[in-house]
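Please look through the structure below before reading on. The paragraphs after it start with a working definition and then go from the overall fold to single residues.

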Amino acid sequence: MPLPPELHIVDDPAGPVAELLAEQARRGGSIVLTGGSSPAPAYERAAALEPDWSKVTLWWGDDRCVAPEHEWSNYRLAKETLLDQLGQQPREVHRIRGELPPAEAAAELDQALEGVELDLLLLGLGPDAHVASLFPGSPQLADEDHRATSGPPGLEPWVDRVTMTMPEIRSAKRIVFIVDGASKADAVARAFGGEISVAAPASLVLLAPISVEVFLDRAAAAKLGSR
């Protein structure tokens with residue numbers, strides 16, 4: 001049986017998530033970042049709490065197939081809100097090279113992840129309950145043979161994505177979601193309050209051998225228990 005998620009309903013999810021990131025930076029190891037609007041404040045606060053990330057190897061769970069300076073790039077978001085604010089940079093930064101052909105970028109990430117233990121993996125949640133770039137109905141959800149894959153998006157912007165596969169996501173030692181806003185309430189209910197289903201890809205993360213931690217505000221949690 002899957003373990004129930006650890007739900008942390010707080011006024012400002014960025015605060016505790018920033019503390020988790022800063023604590024991991026002090027310990028060292030590997031951190032996997034996510035994109036979207038929710039984690040940006042957490043990245044800024046984490047840099048302020050711990051400006052030395054020299055013990056950390058940094059990864060991204062997914063990214064859009066665009067150049068690193070493009071406005072849609074998850075790497076760019078993290079660079080501006082986290083990396084550019086640090087006093088000491090991570091010892092390694094494994095950017096997904098979205099400027100490459102998607103399959104080539106995915107193969108590069110897959111190879112780089114071989115033998116890597118992911119200590120802390122941060123995830124967001126899409127309004128359709130997608131996670132990383134694994135969308136409802138995506139054939140990439142069925143990929144059990146790779147650590148990373150590529151494919152088309154299920155939502156705007158309509159550009160190919162490179163993403164860690166579900167088995168790779170579930171292999172992390174610690175898995176943390178950050179979610180905020182009323183626009184995510186339906187997705188939260190489907191992902192963390194309903195049945196585990198490919199129709200809500202984030203729910204599949206709950207099949208990990210650890211309890212998944214979810215930090216969310218009251219607006220995002222408003223429909224939990226309604227399903």
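A residue is called buried when its relative accessible area is under 20%, exposed when it is over 50%, and partly exposed in between, using a 1.4 Å probe and protein chains only. Helices (H or I, at least four residues) and strands (E, at least two) are DSSP runs, numbered from the N terminus. The model is predicted: local features need pLDDT of at least 70, side-chain atom pairs count only at pLDDT 80 or more, and totals for chains, interfaces and linings use all residues. Residues are numbered from 1 along each chain as its sequence is written, and side-chain values use heavy atoms, with hydrogens and water left out.

The protein contains 7 helices and 10 strands. Its C-alpha atoms fill a box of roughly 45 × 35 × 30 Å along the principal axes. The radius of gyration, taken over C-alpha atoms, can be set against a globule rule of 2.2 Å times the number of residues to the power 0.38. For 227 residues a compact globule would come out near 17 Å, and the protein has 16 Å, which agrees. Of the 227 residues, 54% are buried. Contact means heavy atoms within 4.5 Å. Among contacts between residues at least 6 apart in sequence, 78% join residues at least 24 apart.

As for the surface, accessible areas come from the Shrake-Rupley method with a 1.4 Å probe, and for residues only the protein chains shown count as cover. The protein exposes about 9700 Å², and carbon and sulfur atoms supply 50% of that area. For charges, Lys and Arg count as positive and Asp and Glu as negative, while His and the chain ends are not counted. Each charge is placed at NZ of Lys, CZ of Arg, CG of Asp or CD of Glu. The mean positions of the 20 positive and 34 negative charges are 3 Å apart.

Next comes the sheet. Two strands pair if DSSP finds at least two bridges between them. Seen in order, β1-β10-β9-β6-β2-β3-β5 make an open sheet of 7 strands with parallel pairing. Its edge strands, β1 (6–9) and β5 (92–93), each pair on one side only. Strand β1 runs parallel to β10 and is joined to it by 4 bridges, with H8 opposite F215 of β10. On its other pairing, β10 is joined by 4 bridges to the parallel strand β9 (residues 175–179), where V179 has L216 of β10 as its bridge partner. Within β10 (residues 213–216), E213 and F215 point one way and V214 and L216 the other way, and all are buried. Elsewhere in the sheet, β2 (residues 29–33) and β3 (residues 56–60) run parallel and share 5 bridges; S30 has T57 of β3 as its bridge partner.

How many of the 8 residues of helix α6 are buried? In α6 (residues 185–192) 6 of the 8 are, so the helix is largely enclosed by the rest of the structure. These buried residues are A185, A187, V188, A189, A191 and F192. Their cover includes β1, β9, α7 (201–204) and β10.

A second pairing involves β7 (residues 148–151) and β8 (residues 161–164), which run antiparallel and are joined by 4 bridges. T149 stands opposite T163 in β8. In β7, A148 and S150 point one way and T149 and G151 the other way, and all are buried.

Some backbone geometry deserves a check. Most residues other than glycine have a negative phi, and most peptide bonds are trans. A cis peptide bond joins E156 and P157, with omega about -5 degrees; P157 is in the loop between β7 and β8. A129 has a positive phi, near 70 degrees, and lies in the loop between β6 (120–123) and β7. A129 is buried, with a relative accessible area of 0%. A132 lies in the loop between β6 and β7, has a positive phi near 50 degrees, and counts as buried at 12% relative accessibility.

Two further residues close the tour. S73 is in the loop between β4 (62–64) and α3 (74–81) and, at 4% relative accessibility, counts as buried. Leaving aside neighbours within four places in sequence, S73 is in contact with D63, V66, A67 and P68. G225 lies in the segment after β10 and is exposed, with a relative accessible area of 71%.
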